[in-house]
Amino acid sequence: MFSARSPTRANYPGTVPNSWNNLGIWRHARGTSILPSNIFGAPSDRPKHSIALRNLGSAYRQKKDWTQAKSALERAIALNPDDPEANYSLGMVYAQQNDTERAYDYLQKALASRPAYPEALNNLGILYLRTRRPEKGNAVLKSRFA
């Protein structure tokens with residue numbers, strides 16, 4: 001039995017941040033109008049939870065809040081430099097701001113960690129085509145189907 005004097009506590013490391021992250025995903029999927037930082041919890045509460053930071057960055061990216069998106073994604077990458085999703089998302093932030101050199105860097109880092117990452121391959125190919133490098137763009141896009 002549970003009593004008011006002995007509240008239940010999470011016994012496994014990461015349970016609370018994972019729960020906040022899952023709640024954030026659920027709320028965000030339902031199109032809530034709450035700020036992303038309130039959906040995924042204040043990052044200062046969970047400064048070392050790279051998945052929540054990545055999801056927070058993606059939520060800000062969807063809202064086109066580039067400054068907040070970059071901040072959250074850079075913190076996620078600092079915790080896990082080889083995270084393909086965080087590198088991809090940050091690459092897309094830079095691509096959406098027409099900072100193609102940084103976009104290339106982060107998309108290529110995503111592909112270094114996950115060579116068969118279809119979204120990264122597709123968007124890197126499109127980025128090459130947009131910057132008038134059709135040979136590289138065609139090569140990347142063809143590699144997606146190899």
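**Ser 113**

I started with Ser 113, which lies in helix H6. Helices here are DSSP runs of H or I with at least four residues, strands are E runs of at least two, and both are numbered from the N terminus. This is a predicted model, where local features need pLDDT of at least 70, side-chain atom pairs count only at pLDDT 80 or more, and totals for chains, interfaces and linings use all residues. Residues are numbered from 1 along each chain as its sequence is written, and side-chain values use heavy atoms, with hydrogens and water left out.

Is Ser 113 buried, partly exposed or exposed? I found 32% relative accessibility, so Ser 113 counts as partly exposed. The classes are buried under 20% relative accessible area, exposed over 50%, and partly exposed in between, with a 1.4 Å probe and protein chains only.

I then looked up what Ser 113 touches. Leaving aside neighbours within four places in sequence, Ser 113 is in contact with Asp 82 and Pro 84; contact means heavy atoms within 4.5 Å. Pro 84 is 29 residues away along the chain, yet the two C-alpha atoms are separated by 5.7 Å. For Asp 82, the backbone oxygen lies 2.8 Å from a polar atom of the Ser 113 side chain.

**Confidence**

I checked the pLDDT, the predictor's confidence in each residue from 0 to 100. The mean for the protein is 77, and 65% of the residues reach 70 or more.

**Overall build**

I counted eight helices and zero strands. Buried residues make up 40% of the 146 residues. Of the contacts with a separation of 6 or more, 38% are between residues 24 or more positions apart. The protein exposes about 9,000 Å², and carbon and sulfur atoms supply 52% of that area. These areas come from the Shrake-Rupley method with a 1.4 Å probe; for residues, only the protein chains shown count as cover.

**Core**

I went to the largest nonpolar core next. Such a core is a set of buried Ala, Val, Leu, Ile, Met, Phe, Trp, Tyr and Cys residues joined through side-chain atoms within 4.5 Å. Which of the 29 members touch the most other members? They are Tyr 88, Leu 90 and Leu 124. Helices H3 (50-62), H4 (66-79), H5 (84-96), H6 (100-113) and H7 (118-130) each give two or more residues to this core. H5 gives the largest share, seven residues.

**Polar residues under cover**

Ser 89 lies in helix H5. Ser 89 is buried, with a relative accessible area of 5%. Not counting residues up to four places away, Ser 89 touches Ser 58, Arg 61 and Leu 73.

Arg 54 sits in helix H3. At 16% relative accessibility, Arg 54 counts as buried. With the sequence neighbours up to four places away left out, Arg 54 touches Leu 73, Ala 76, Asp 83, Glu 85 and Ala 86.

**Aromatic pairs**

I searched the whole structure and noted three aromatic pairs. Rings of Phe, Tyr and Trp (its six-membered ring) pair if their centres lie within 6.5 Å; planes under 30 degrees apart count as stacked, over 60 as edge-to-face and the rest as tilted. Tyr 94 and Tyr 106 are stacked, at 5.8 Å centre to centre and 15° between the planes. Tyr 94 lies in H5 and Tyr 106 in H6, so the pair ties together parts 12 residues apart in sequence. Both tyrosines, Tyr 94 and Tyr 106, are buried.

Tyr 104 and Tyr 128 have ring centres 4.9 Å apart and planes at 25°, so this pair is stacked. Tyr 104 is in H6 and Tyr 128 in H7, so the pair ties together parts 24 residues apart in sequence. Tyr 104 and Tyr 128 are buried.

**Asn 98**

I ended in the loop between H5 and H6, where Asn 98 is found. Asn 98 is exposed, with a relative accessible area of 56%. The side chains of Asn 98 and Arg 130 are joined by a polar contact of 2.8 Å. A polar contact is a pair of N or O atoms within 3.5 Å; within protein, one must be able to donate a hydrogen and the other to accept it, and residues adjacent in sequence count only if both atoms are side-chain atoms.
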